Amino acid sequence: MTVIHPPYHVLLIEEDPNQTDLYADLIREVDHCKVDVMSRVESSFAWIARSNYHLVVVDVSIKDAEFESLYGSLNGLTLLEQIKRISPVTSVIVLSEQATVEQAVQAIRMGAEDYLKKPFNVETFQLAVKRGLDRKVLFGDNSGASNFLNLLNCCQMISASLEPKKIFGIIQSYLSRELKCAHSAIYTIQEGSPVEIDDVVKEGDQDRAMTEVLDIALHASNALSKMVDSNENHRFIERGQLAPGLFILRYKCAGPSDYFCVCLSPERPNKIENFEGRLRLLKAQIEVTGKNIEQYLGVQHLAYVDDATGLYNTRYLNNILDREIAQARTNKRSFAVLFIDADRFKNINDNHGHLVGTKLLNELGNHLKKFVRESDTVFRYGGDEFVAVLSPCDLTTAKTVAERIRQSVEQQAFLSDEGLNVHFTVSTGVALFPDHATSKKAIIDAADHAMYCAKRTTRNSVSIATVTNVAVEAATEGQIGAVPKEISKKSGPEASPTAAKKSKVNLGKVGTSDV
């Protein structure tokens, strides 16, 4: 074969030497290529940024503790996103032992040349290599085409994301490349002043000194409020004697708030009209994705909200307990679960009807929310039962909140607007993580068992879980399900009446328990 061009530069990320040799040989059979090999994912990012690779082939089956500590579990989509944010015009082929059709479709949407499951067909792999090399040749040396490929890749990643802060990071990366600026940040306006958005998924380390310089320059110029007043979408601020230059892009994403990507010391594009055209396309993509996020959150809200009370349901309880347990273990702090059950609620249904019972449950749910903080969450567990997760919380605070709820319900005249003035009481069980339980099913069971103890004694009381109760529940340890009967199911002589009731409960109706 006659070589008529310099060799293509290919980076192969693979830890198995035997696989490395095989992949390198297959790549060289396609064309004249210089193949670099690295075994660690995180170390390869710096090489990708400065080596202008035509193609990156990465096997996501490898283990990289450093990468996982920074970005979470190693998977093809996470890795693809990182590479594309560093070098959008570089083609990427992802290899995986666990590839699915859904992952492959998502990867292609995010700009991958191919997403292949091992073992793969050799011809398929080499065809993907050829496409990737051809793409780099076509776009890499043409600045105009390269700019639009950069924009296309950015829009692909934005459209594939449902997390606003992740989108903000993608926007930062795009504008940093376009304007060759070394630092950027995302701001919004609160009470008339610029406020930086924390926890944005950023690319690389952020220099604290540069952050302070940008913040000082932004406050001095008061540019964000001026842009809102004049309805500007973007603005270049020229460098002054004591202040650096800035570029600001204003946009909305999943809500009415204005967000601003602020770039420090930007390099003004030569063809400003073309740049402004790309900005319009970028803003349009952000707005479309923002609407998709709003629709997704709306559907998610419906899936997580109980129809009768407007409170969160047990599906969302699963998510909250997963989050709280993870945070409790990381931060070495505790949280509490209150299991609240209306006493003799069947009598209310029998005397007033189920429609009144449903209205009463709705009022009770709103009443319970008055006694918890914004960081706490109240759920309808099923029937006439409610769960409150208090976080962070110690046992003394949990008992105090539970007792306040008990007293207030006892004194409250419910449905007074309808002239009914219904009175009833509640029994509450309190359990603390990790003192009384160390898993989400066990903490619910501990609080449930404590509530049953209150029912069995005097009703209208608060009972605290004990370590002994937890030991009994440990025999039936399992996973919280999507419906109450899977959450509180017990077996053997320790099963409580509430457990039997939950096995028949219909979340759309008022419970018929007589306890």
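Guide: In this predicted model, Lys180 sits in the loop that runs between helix 8 (164-179) and strand 6 (183-190). Lys180 is not a glycine, yet its phi is positive, at about 50 degrees. The relative accessible area of Lys180 is 57%. Exposed means over 50%, so Lys180 counts as exposed.

Ala254 can be set beside this residue. Its place is the loop between strand 9 (246-252) and strand 10 (258-264). Ala254 is a residue other than glycine with a positive phi, near 60 degrees. Its relative accessible area is 27%. Because that value lies between the 20% and 50% cut-offs, Ala254 is partly exposed.

Two further loop positions concern the peptide bond itself. The bond from Lys118 to Pro119 is cis, and its omega is near -5 degrees. Pro119 belongs to the loop between strand 5 (114-117) and helix 6 (122-140). Ser391 and Pro392 are also joined by a cis peptide bond, with omega about -10 degrees. Pro392 lies in the loop between strand 13 (385-390) and helix 15 (395-411).

Conventions:
Residues numbered from 1 in each chain as written. Predicted model: local features only at pLDDT ≥ 70, side-chain atom pairs only at ≥ 80, totals over all residues. Heavy atoms only, no water. Helix = DSSP H or I, 4+ residues; strand = E, 2+ residues; numbered from the N terminus. Buried < 20%, exposed > 50% of the residue type's maximum accessible area, 1.4 Å probe, protein only.
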